[in-house]
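Dear colleague,

Please find the structure below. My notes on what was found in it follow directly after.

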Amino acid sequence: MKKYLIISFLIIYYSNTYAQVTIDHVEPPNWWIGMKNKTVQLMIHGNNIGRTDPSVSTKGVKIKKSHKAGSDYLFLDLQISGDLKPCTVQLSFNDDRKPLATWNYELKARSQGSAERKSFTTADNIYLIMPDRFANGDPSNDDMPGMKERSDRSNPNGRHGGDIKGISDHLDYLQKLGVTAIWCTPVLENNMPHASYHGYAITDLYKVDPRFGTNESFRDLVRDAHQKGMKTIMDMVFNHFGTEHWWMKDLPQKDWINQWPDFTRSNFHGVSNIDPHASKFDKERMVNGWFDNTMADFNQQNPFVANYLIQNSIWWIEYAGLDGIRQDTYPYSDQQFMTSWMKRLREEYPDFKVVGEVWLNSPSEVAYWMDNSPNHPESRTFLTNVFDFPLAFAIQKAFVEDDGWDTGMGRLYDIVSQDFLYSKPSELVVFADNHDIERMYAVLKTVDNVKMALAFICTTRGIPLIYYGTEALSDRGSLEGDSGKRKDFPGGWAGDKTNMFTTQELSNDQQALYQYTTKLLNWRKSNKTIQEGVLTHYIPENGIYVYFKTLGDNSVMVILNNSNKEKNVETKRFRENLDGFRNGKDALDGTTIRDLDKINVPAKTARIIELSK
Ligand code: CA
């Protein structure tokens, strides 16, 4: 008798479990009223949720359409009326009108001026931080329950414990350095077993990695940075996501990702996405091949994926109060999708900017992606900014080679001369290194060369970007590969001997470079002519590259002496820019230059001169 009782109990138990409806994920986790676009598409995931019929009982909100996707997913298009006040939307998931599950979905009020937010401009000095490698503000989060990789600072490819608090704690340092905008490599959850520190294999697009902090701490970082006059640019990755994402256990739709019979890697030849002669074979592999076997490739042609990603970016802008986005691996994504994303962002935020990582070698390849490119068949990409990779590669060579027709300063001149390819050259983000290419000190070898490279990126057209640790003269040391480009920032960890934050134990060279960077960035921050002026440059001769920035009656003259000799530069051939000016002031050392006919420039030095009448 007892046996039968147990069996019938088990039958009831299991049949109930089978019928059980759960809600495990609702994304986006909330939305806002007063958006230009009045619909939001929710992804609802849970046991048997796809077998229910949803309904809504809140006035002013309608279910425009629901899309079933397998038994465990439901996509819900909510239509929000224009005059709705912030509220909690009651959602019900029913079977024969009997609710099997309910969900309270919050529609919040937007912060004031959200739609009119301004982005980074040519007035900004951007500073790039890898949060795991900058400063460990909270050692208690180095290892977190449920996270697959533990911290190990002795492993150059491991997690080192840096976090958001480490950045928040040192905002004063950044402000003093002259930084006006911070770009952090991705902060979202990367619950991958290896190399999770870099952040580019996201496993939850709505959650900050607990080893970096919380969503709230990221939002607070943006707010605190704003209070100190600094903007925040969030790194987003639309091309791929980490294979440890919960989706991979049960994909929302079969074509949520680009699937191949066998693992197929991208060919990494970004140009095949725009090459008029490219074979379908190459183009397909470039865009739909996987970036890595740990990074699943989003199928952005799937309209549900497209909606998901577009809403995700809007969610973070609204939630965290972002000032800009850096978008990863831009040419690896579906072009049409990226255009529709940018268009939608600009509709919602007319002044918002995105800088695309278009890591290609020549100006023509990079220029193609900037909005209104003269050479793009459709010309509209709506992408506002791109990184100037060709110039970065030129800088890494120019200061360590002799000057010739196409070497040394000729290299910089040659790249800048091709600005006719860009619709807006001033929107190029100019840099000499980042987390993926060699650090400038590792290739430029001397402090003088690093100073000249810094002076150049801060005075030519565009928006300068400084990679964390540049001012500390960080080098790759004996480390191989990426780890040599991503060393811990000196002073970010308790017990670090050299400490940039307190300037303890800095070498003379570090001291000199730190002071130089601080002076240069702070001067740039306050000089409108260098930020907005029109660039005129002259053909380099004998290692001397001269250019001017002109704004109204004001002019700044820059002389780069890339030779190993001190030069007294005759200025006759620069007359069209010098006429009317009587003397000048060195922007960095404050000395007055009384004779503009002949200007002394020490070997391997940049002189930045504010001209006066
Ligand atoms: Ca930590």
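The largest pocket holds about 710 Å³ of space. Of its 34 lining residues, F291, W359, D436, D482 and R486 are the closest to its centre. A pocket here is an open set of points on a 1 Å grid over the protein atoms alone, where a 1.4 Å probe fits, with protein on both sides within 12 Å along at least five of seven lines; lining residues have an atom within 4 Å of a point. A volume is the space filled by probe spheres set on the points, which are joined across faces, edges and corners.

The model is predicted: local features need pLDDT of at least 70, side-chain atom pairs count only at pLDDT 80 or more, and totals for chains, interfaces and linings use all residues. Residues are numbered from 1 along each chain as its sequence is written, and side-chain values use heavy atoms, without hydrogens and water.

The second largest pocket has a volume of about 590 Å³. Its lining counts 33 residues, and N273, K283, D334, Q335 and Q336 are the closest to its centre. Helix 6 (280-288) gives the largest share of this lining, five residues; helices (H or I, at least four residues) and strands (E, at least two) are DSSP runs, numbered from the N terminus.

Two backbone features also deserve mention. A cis peptide bond, with omega of about -5 degrees, joins E27 and P28. P28 sits in the loop between strand 1 (25-27) and strand 2 (31-32). S379, although not a glycine, has a positive phi of about 60 degrees.

Yours sincerely
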